[in-house]
Protein chains: 2
Amino acid sequence: MVKRPTMQDIARRAGVTKAAVSFALNGRPGVSEPTRRRILAIADELGWQPSSAARALSDGRAGSFGLVIDRPARTLGLEPFFMQLISGIQAELVRHTTPLLLTMAEDQAAEIALYRDWWARRLVDGVFVVDLQLGDARVPVLEELGMPAVVLGAPLGTGSLPAVWSDEAAAVATVVSHLRQLGHRRIARVAGPARLRHTWVRTTAFERATRGAGMAGRTVETDYSGERGAAATAELLRDAAPATRPTAILYDNDVMALSGLTAARGLGLAVPADLSIVAWDDSALCELVDPPLTALSRDIRGYGAHAARRLREAAGGAPVGDLQDAAPSLTLRRSTGPAPDTLGG
Amino acid sequence: MVKRPTMQDIARRAGVTKAAVSFALNGRPGVSEPTRRRILAIADELGWQPSSAARALSDGRAGSFGLVIDRPARTLGLEPFFMQLISGIQAELVRHTTPLLLTMAEDQAAEIALYRDWWARRLVDGVFVVDLQLGDARVPVLEELGMPAVVLGAPLGTGSLPAVWSDEAAAVATVVSHLRQLGHRRIARVAGPARLRHTWVRTTAFERATRGAGMAGRTVETDYSGERGAAATAELLRDAAPATRPTAILYDNDVMALSGLTAARGLGLAVPADLSIVAWDDSALCELVDPPLTALSRDIRGYGAHAARRLREAAGGAPVGDLQDAAPSLTLRRSTGPAPDTLGG
DNA sequence: ACGCCGAGCTGAACCGGATTAGTGGACGGC
DNA sequence: GCCGTCCACTAATCCGGTTCAGCTCGGCGT
């Protein structure tokens, strides 16, 4: 365990004071150019790095950001979304050597307690808020604390917090329109938890789009798990006559799309001949199954990177507004096809 | 932005000095019981929380641990392993309100640079090391830095670093033995990258077990991606006559097992009638497909929790040894069955 | 020749904790 | 009644940075 060099050590070697060293290392006026170079050379030679604790104490900012996820670990592990998101956030943060604190919470109350704790101890300078809910309790708490935060998701119910979002309603409309062109008239949607804001956005858009196209559009709620996805699929398909059952299903994540594919086959239906399937979020999973799944793709890493940049600005005290990213695009694969001729025409 | 209360504020209100407040809050002798209670009450009333920066500066430890993952984001997102692991680590760390710094690196050189940086700035008190490689360059660096670390994986090539591991060789033997009892004589394995230590462990054990049972055992290397898993499966099955092709395949992760299932079907083979499939790491994915996949299960969250406890001890200066967790167990599902009668008996 | 200015640096305070040496008073022993 | 001891607390210092007021000195103008 070697003692790390401090600015004091550099100052001694250079024959100046700590203050001069500080000026030199931070590139601010107060030292001559030759002195600055000499100090930088010595710092480099000693392998000096600023103590994060000392700097944090001195300037009052933690120098890191936080992310809390409160989904159950088992379903979380299968959500490529979060790893992609974290990867994207990191890609932006490393450019300023800002670390990310990641934690999983049991529920939203635990998450809020964590925010209060982090902020009281100044462990982070701000947080990313994911899985926004209807009437989300985190928003007023963050506002009350004055804690910088960026919401990832639709700018609805976000109060004064800036949001980074993509137009999911437009994506839903794209899917519905595409299916209609393929001749589908009865389509269903297997959704995530209804309390989530983005589920609400998608459901609302789905209803509007299907109604607008004169189609029957039914939505079934789940918890994103494969089990519930399979159950919802069975519920939609089992007891309905061919003339009333949906001919296409849109799933809110790819895991459920996969389980839906399995469930449909279990009921003797062929994909896409009898049933078309569309997944939300295009992960590698969609290409691994047969048939490969048509899916809504979006640049999740870019999404995370944008949010990180936004949070940095917000934490810097700048007033930041919402940022709209590109809408998801539909990647066509073989799980969608023309609607079966169920009218017996 | 309200000013947070400091120990100085508490001291003023209580009519004592900072030192007395420090004694009281840290439960050490130096103050009378009534005074201690009074101070605690005031601290509670003011909502005081210690400044993490000040504490870190004062006692020289960061109070947090780090984890660096250097796998490509696309395959990473599908690996339930890491989310489970992080979740397990957290479960242990939150009990001491210790945060976890998570970062993804491009490659091992970047990871090592990150370790040096983190340690020089005392951003973390130690790190979890995953995906140990043969002749891993991180080990000597961590030893040289004197940076506390715990390796997750077999205690081979870990130098002086403590390892938390499970007996994967035994797990391989279990699988081989089970398949042999089902009548299989030619089994193959679709492995992860050969440079990883645990791939080496599994491959070595696989060769020993198959040879010991008088069976043909072939291993094909991949990068854990579904694409490569499918390609490896095709390579194993395509050009071989029924009498020489493997009748069972063990995959090093569940994503590849799924892609293998899809690939085998594409070649006209039925599972498990023509081919048995076993996955490594039992995630929800294994239960979502038809047939559900037989898999090696292990308590990944417990694994992470043990590692976290170990790292805390190591960072505390205690000499810690290796810790062996339970070996993975085989969860039987419908993707494995009796070997087809290929001898034309 | 003198004053003034600004560049270049110093000294000290500050951030919010932990720690250690020292001090005052009460109390006990003889 | 005097001394010693212990308790409860204070004052001061440290951790490693940042910041700010002020000092010194050289050069320039007049």
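Q: How many strands form the open sheet in chain A, and in what order?
A: Strands are DSSP runs of E with at least two residues, and helices are runs of H or I with at least four, numbered from the N terminus. Two strands pair if DSSP finds at least two bridges between them. In chain A, six strands make an open sheet with mixed pairing, ordered β7-β6-β8-β9-β10-β12. Its edge strands, each pairing on one side only, are β7 (216-221) and β12 (329-331) of chain A. From one strand to the next, the twist averages 20°. This is a predicted model, in which local features need pLDDT of at least 70, side-chain atom pairs count only at pLDDT 80 or more, and totals for chains, interfaces and linings use all residues. Residues are numbered from 1 along each chain as its sequence is written, while chains are lettered from A and ligands numbered from 1 in the order in which they are written.

Q: How many bridges join β6 to β7 in chain A?
A: Strand β6 (residues 186-191) of chain A is joined to β7(A) by six bridges, and the two run parallel. A191(A) stands opposite E221(A) of β7(A).

Q: Which strands does helix α9 of chain A touch?
A: Contact means that the C-beta atoms of two residues, placed from the backbone, lie within 7 Å. Axes are lines fitted to C-alpha atoms, for helices over the stretch in contact, and angles between N-to-C directions run from 0 to 180 degrees. Helix α9 (residues 168-181) of chain A packs on the sheet and touches β6, β8 (248-251), β9 (276-280), β10 (294-297) and β12 of chain A. The direction of α9 makes about 40° with that of β12(A).

Q: Where does helix α12 of chain A lie?
A: Helix α12 (residues 254-266) of chain A lies across β6, β8, β9 and β10 of chain A, at about 160° to β9(A).

Q: Where is P338(A) in the chain, and what does P338(A) touch?
A: P338(A) belongs to the segment after β12 of chain A. Leaving aside residues up to four places away in sequence, P338(A) touches L182(A) and G183(A). S276(A) is 62 residues from P338(A) in sequence, with 8.1 Å between their C-alpha atoms.

Q: What rotation superposes chain A on chain B?
A: Copies are superposed by least squares on the C-alpha atoms of residues with pLDDT of at least 70 in both. Here a rotation of 180° with 0.0 Å of shift along its axis superposes chain A on chain B, with RMSD 0.1 Å. That is the relation of a two-fold axis.
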